[in-house]
Amino acid sequence: MKFKNFLYGTTLACISVYNSLAQQVKDSTSLEEVYLQSSSVKGELKKTPASVSLLNKTELQRSSPTLTTQSFNRVPGVYTQTGALNTNRITIRGIGARAQYGTNRVKAYFNEIPLSSGDGETVINDIDLDAIERVEIIKGPNSSLYGSGLGGVIHLISADPGKEKTFAKISTDVGSYQLLKKSISAGFATQKASIFANYNHLEQEGYRENSDYDRKSFHLNGKLYLSEKSNLSFLGNFTRLKAFIPSSISLSAYEEDPRQAAFTWKSAKGYESYDKLLLGLSYHYQFSNQLEQTTSVFTNYKDAYEPRPFDILQQETFNWGARSRFDYQHRVFEIPFKASLGAEFLQENYEGSNFENLYEDFPNQGSVEGDRIANVEQDRNNINAFAQIDFQVTPKLNLIGGLNVNSTNYTLTDFFTEANTEQRSEGSFKTILAPRFAALYELTEQKNVYLNVSKGFSPPTVDETLTPDGRINNSLQPETGWNYEVGFKGNWTRNFYTEIALYTIQVNDLLVAERVGNDQYVGINAGKTDHNGIELLLQYTWDISPSIQLLPFVSAEFNDYEFDEFIDEGDDFSGNELTGVPNEKINVGIDAIFYKNLRLFSNALFVSKIPLNDENSAYSENYKVIDLKASYRLNILENFDVHFNLGVNNLFDEAYAISILPNAVGFGGKEPRYFYPGNDRNFFGGVSLKYNIQ
């Protein structure tokens, strides 16, 4: 029986909140004291009627030190494909699976400052692991407060030394493919102020040809406590990156030698490089015990250069914006309630130029810049207004209502026309109202059921908004969808915690990237998709002795994603499986803690086959990858710690495609280049020295 019919018939309520598996040594199933920062009406994680997953510092660092997103695959409903350190695609519940390159349809924030660009593109791995304290992932359009993104929201929370804690830390990590990461961190805190700073340099030659990677980044954040009622916080992050691109390869090339780069990318020595700067300032004021407000201003700047076989792209992006919200709590007819009201504004200017790449005329020299062939400028404006109210109707029943209002418009100027005159076009999308209703009922003190109904939307990317002649397509509409979710979460015993979530998302006005040339796509609204699934989490804490603790776990998702109505260029794909995402993803493992100083982490990831194209005529192979890591903390002196770690990825040397390029096209009779090969068995290890001054 299809999931769709099963989901409509069920009445079980649940939430899919993924608790970090090593969060607490004493009692890893005690969720009551874990609070969400992503909710402006702050609530306990266990009693929040939304699909939220929490990854803490330990969880984020249980794998190799190179990628922030590597732990995301442990979250049910989230699938991350990593073609290279600088190439990844994050999908949540199948949303964004058909993106050609990178992540879209998913919004990201860093301390409530937008990381996503004005057209929805998101890059997370620029933010180094050492700069992040935890990550909160809201799955599906369950957040009225962050734009009701169709895929969801990823919220990064910066590292914080905490009050009256001061330290200095230096670390070095090495590994396969000439991996070298050097990092220096420091934190200073008093009762009046705190500051955290980190500098790191990550370089690696890479498993494949033409995959050298070099990233330097500096991070600074802090907080100044102005009074008992107010504080001022700031955030800054600078990244300088140069990363070569091996690109995807065909099946024949993959079977012949997965380490090879695509021929044209290797010949052109294609790469991307950029400088990126993120700055934000936030002011918080507590008017009374009932009312508080937080206002942030921020700016993002990116200067990028990307030589590709078919052209050379030069981009400059600058955006600025503000976000403000008011939180209020009181009683109405003796019923307690919490409310949040606010707005977010983002204005972005994009300038892009394309040049000929003459690498074929200069053999063995790599990319050579030729004449300019395109020059455009685009201004993007986005406004979100939001409201949410939370009623504790009875001691056991909690009701939440929310509304997000979005307005988005674009202005495009083409400076490169046949008449050598400016060509200007404007476009805007109709104002979108995205409501949300949720209810949570407490069956017992440790068991909850919940129901959620919400609407989400995702506007087109810049490329999708353009017609083949470079104008804005005013007939194009954002993708919209309704999310229905029910399920259960709770403890059966003190040590055994479970979650099960069942959901369906019905997406309308599906945006399809229609290929019109090398790396050239235009968007059309071509149909509907159904996203139906079950997410499961089982976690057990086994206290073998006061000094030894085992934490076995299972996290799994089983999906039925398909095109409901989809006709593209006369081809009817209705009923086919959704491209670019697996039907099953399962993580199992056992983590162990010995004497609080030695930790062993294990994880086995199982991923089913993935449709490579809309026709479903080709699939990737299913695969399993096992990763292990051990870490040991040695207290040399009272205030001096040495931390060692050693790990192996892909323990059994599995050959697999870690990422795919959906709907790849083979030109000139050549095979489509669908596959990004995964790394073979590889090792890593490191040591860090930390001195706690207070």
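The following questions and answers cover charged and aromatic contacts in a predicted model.

Visitor: What kind of model is this, and which pLDDT do side-chain atom pairs need?

Guide: Residues are numbered from 1 along each chain as its sequence is written, and side-chain values use heavy atoms, with hydrogens and water left out. The model is predicted, totals for chains, interfaces and linings use all residues, local features need pLDDT of at least 70, and side-chain atom pairs count only at pLDDT 80 or more.

Visitor: How many salt bridges does the structure hold?

Guide: Side chains of opposite charge can pair when their charged atoms come close. A salt bridge here is a side-chain nitrogen of Lys or Arg within 4 Å of a carboxyl oxygen of Asp or Glu. The number of salt bridges in the structure is 26.

Visitor: Glutamate 112 and arginine 323 meet in a salt bridge; how many residues apart are they?

Guide: Their side chains meet at 3.3 Å, N to O. Glutamate 112 is in the loop between β4 (107-110) and β5 (113-114), and arginine 323 is in strand β15 (residues 312-332); strands are DSSP runs (E, at least two residues; helices are H or I, at least four), numbered from the N terminus. The pair thus links distant parts of the chain, with a separation of 211 residues.

Visitor: Is arginine 323 buried or exposed?

Guide: Buried means under 20% relative accessible area, exposed over 50%, and partly exposed in between (1.4 Å probe, protein chains only). Glutamate 112 has 8% relative accessibility and counts as buried. Arginine 323 has 3%, so this residue is buried.

Visitor: Which residues are linked with Glu112 and Arg323 in a network of salt bridges?

Guide: Glu112 and Arg323 form a salt bridge with each other. The network that holds them also includes Arg325, Asp327 and Glu344.

Visitor: Which parts of the chain does the salt bridge of aspartate 126 and lysine 276 tie together?

Guide: The closest N and O atoms of aspartate 126 and lysine 276 are 2.7 Å apart. The two residues are 150 residues apart in sequence, so the pair ties together the loop between β5 and β6 (132-139) and strand β13 (residues 271-286).

Visitor: Where is lysine 181, the salt-bridge partner of aspartate 130?

Guide: The closest N and O atoms of aspartate 130 and lysine 181 are 3.9 Å apart. Aspartate 130 is in the loop between β5 and β6, 51 residues away from its partner. Both residues are buried, and lysine 181 is in strand β9 (residues 179-189).

Visitor: Is glutamate 569, in the patch of negative charge, buried or exposed?

Guide: Glu569 gathers with Asp571, Asp572 and Glu615 in that surface patch; patches join like charges within 9 Å, or nonpolar side chains (Val, Leu, Ile, Met, Phe, Trp, Tyr) within 5 Å, among residues with over 30% relative accessible area and no salt bridge. Glutamate 569 lies in the loop between β27 (548-568) and β28 (571-572). Its relative accessible area is 62%, so glutamate 569 is exposed.

Visitor: How many aromatic pairs are counted, and which class does the pair of phenylalanine 244 and tyrosine 271 belong to?

Guide: Rings of Phe, Tyr and Trp (its six-membered ring) pair if their centres lie within 6.5 Å; planes under 30 degrees apart count as stacked, over 60 as edge-to-face and the rest as tilted. The count comes to 16 aromatic pairs. For phenylalanine 244 and tyrosine 271, the centres are 5.3 Å apart and the planes at 50°, so this pair is tilted.

Terms used. Accessible areas come from the Shrake-Rupley method with a 1.4 Å probe; for residues, only the protein chains shown count as cover. Lys and Arg count as positive and Asp and Glu as negative; His and the chain ends are not counted. The place of a charge is taken as NZ of Lys, CZ of Arg, CG of Asp or CD of Glu.
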